[in-house]
Amino acid sequence: MKITIITLFPEMFKGPFDHSIVKRAIQKDAIQIKFINIRDFGIGKHKLVDDKPFGGGAGMILRVDVLEKAIEKAKDKKIKKGKEKVFLLGPHGKVFNSKMAKKLDVLAHLILLCGHYEGVDERIKKMVDGEISIGDFILTGGEIPAMLITDAVVRLQKGVIREGAAMTESFFPYLEYPQYTQPRKHKNMSVPAILLSGNHKEIEKWKKEKALAITKKLRPDLIFESHSDEKRPKVIEKDPEN
Ligand SMILES: C[S@@+](CC[C@H](N)C(=O)[O-])C[C@H]1O[C@@H](n2cnc3c(N)ncnc32)[C@H](O)[C@@H]1O
């Protein structure tokens with residue numbers, strides 16, 4: 001999979017992408033990450049990328065003509081139609097979650113467009129496949145959302161983490177069961193005896209039960225969402241939102 005990030009600040013990505021799983025995924029060629037600098041498409045000798053909002057208001061808006069050229073540059077003509085998608089990062093978008101990460105994971109080319117300053121000219125929304133938000137708050141730019149989405153999607157790529165491991169983590173579909181390591185006893189807290197029993201069948205059963213119980217307690221909405229009416233475990237029958 002290829003991910004192209006369109007940004008005014010490609011150097012911001014150096015730390016997060018140069019460590020741990022994302023770094024290893026790049027080294028293994030499980031993922032290719034490219035950057036397009038919006039400044040390269042700026043207007044005139046000063047390479048202007050933004051201007052004041054029409055109608056007044058604070059801050060500067062990234063120009064639609066500049067962003068359009070950056071998107072065109074990012075697109076890869078070799079990729080089949082439907083396998084390449086462009087998403088604007090912005091607070092008006094659909095809120096990112098693991099389901100969305102799974103949908104993005106099947107693309108051959110994911111293009112993420114980072115806004116900055118006061119935002120982007122509204123007309124750019126007609127030139128992208130959608131808008132993704134990472135939550136109900138305002139960040140300075142789309143760079144941190146792009147890092148976050150890249151990290152979540154890269155983990156799902158084949159060969160990046162241990163086979164099947166991503167699918168047992170939280171939100172696939174429940175919260176994960178509690179985990180323990182050494183020491184076996186810390187102060188007055190012991191590791192549950194079942195995990196030390198060596199009985200793998202019982203351990204698996206315990207993990208499933210714990211995951212369900214924790215999800216029921218902390219995030220009943222996940223149980224409601226992940227099953228049709230007939231298949232929903234008896235622990236939750238009503239939409240917790242209603
Ligand atoms: C300061 S914000 C602009 C906010 C905009 N004026 C508003 O009130 O809706 C600048 C850029 O940061 C990014 N951004 C800010 N908050 C975000 C969020 N919650 N999710 C995704 N991107 C966000 C977007 O790319 C946005 O264009």
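This is a predicted model: local features need pLDDT of at least 70, side-chain atom pairs count only at pLDDT 80 or more; totals for chains, interfaces and linings use all residues.
## Exercises on strands, cores and a pocket

Strand β4 (residues 61–62) pairs with β7 in the parallel sense, over two bridges.

**Exercise 1.** Identify how β5 pairs with β6 and with β8, and trace the chain from β5 to β6.

*Solution.* 
- Step 1. Strand β5 (residues 84–95) runs parallel to strand β6 (residues 109–114), and six bridges join them.
- Step 2. In this pairing, L89 stands opposite C114 in β6.
- Step 3. From β5 the chain passes through helix α4 (residues 98–105) to reach β6, a β-α-β crossover that is right-handed.
- Step 4. β5 also pairs with strand β8 (residues 130–133), again in the parallel sense. Five bridges make up this pairing, and V95 stands opposite S133 in β8.

**Exercise 2.** Describe the largest nonpolar core and list what L110 touches.

*Solution.* 
- Step 1. The largest nonpolar core holds 34 residues, and L104, L110 and I149 have the most contacts inside it.
- Step 2. Two or more residues of this core come from each of β1 (2–7), α2 (20–27), β5, α4, β6 and α5 (143–156).
- Step 3. α5 gives the largest share, six residues.
- Step 4. Leaving aside residues up to four places away in sequence, L110 touches M1, K2, I3, T4, K85, F87, L104 and I149. Two of these contacts, L104 and I149, are also named among the residues with the most contacts inside the core.
- Step 5. Another core lies apart from this one; it has 20 residues, including L8, V49, A70 and L88.

**Exercise 3.** State the volume of the largest pocket and find which residues lie nearest its centre.

*Solution.* 
- Step 1. The largest pocket contains about 530 Å³ of space.
- Step 2. Its lining consists of 20 residues, and N97, S98, K99, S170 and F171 lie nearest the centre.
- Step 3. At least two lining residues come from each of α4, α5 and α7 (220–226).

Methods. Residues are numbered from 1 along each chain as its sequence is written. Side-chain values use heavy atoms; hydrogens and water are left out. Two strands pair if DSSP finds at least two bridges between them. Helices (H or I, at least four residues) and strands (E, at least two) are DSSP runs, numbered from the N terminus. A crossover is right-handed if, with the strands pointing away from the viewer, the path from the first strand over the helix to the second runs clockwise. A nonpolar core is a set of buried Ala, Val, Leu, Ile, Met, Phe, Trp, Tyr and Cys residues joined through side-chain atoms within 4.5 Å. Buried means under 20% relative accessible area, exposed over 50%, partly exposed in between (1.4 Å probe, protein chains only). Contact means heavy atoms within 4.5 Å. On a 1 Å grid over the protein atoms alone, a cavity is a set of points where a 1.4 Å probe fits but cannot get out, and a pocket is an open set with protein on both sides within 12 Å along at least five of seven lines; lining residues have an atom within 4 Å of a point. Grid points are joined across faces, edges and corners, and a volume is the space filled by probe spheres set on the points.
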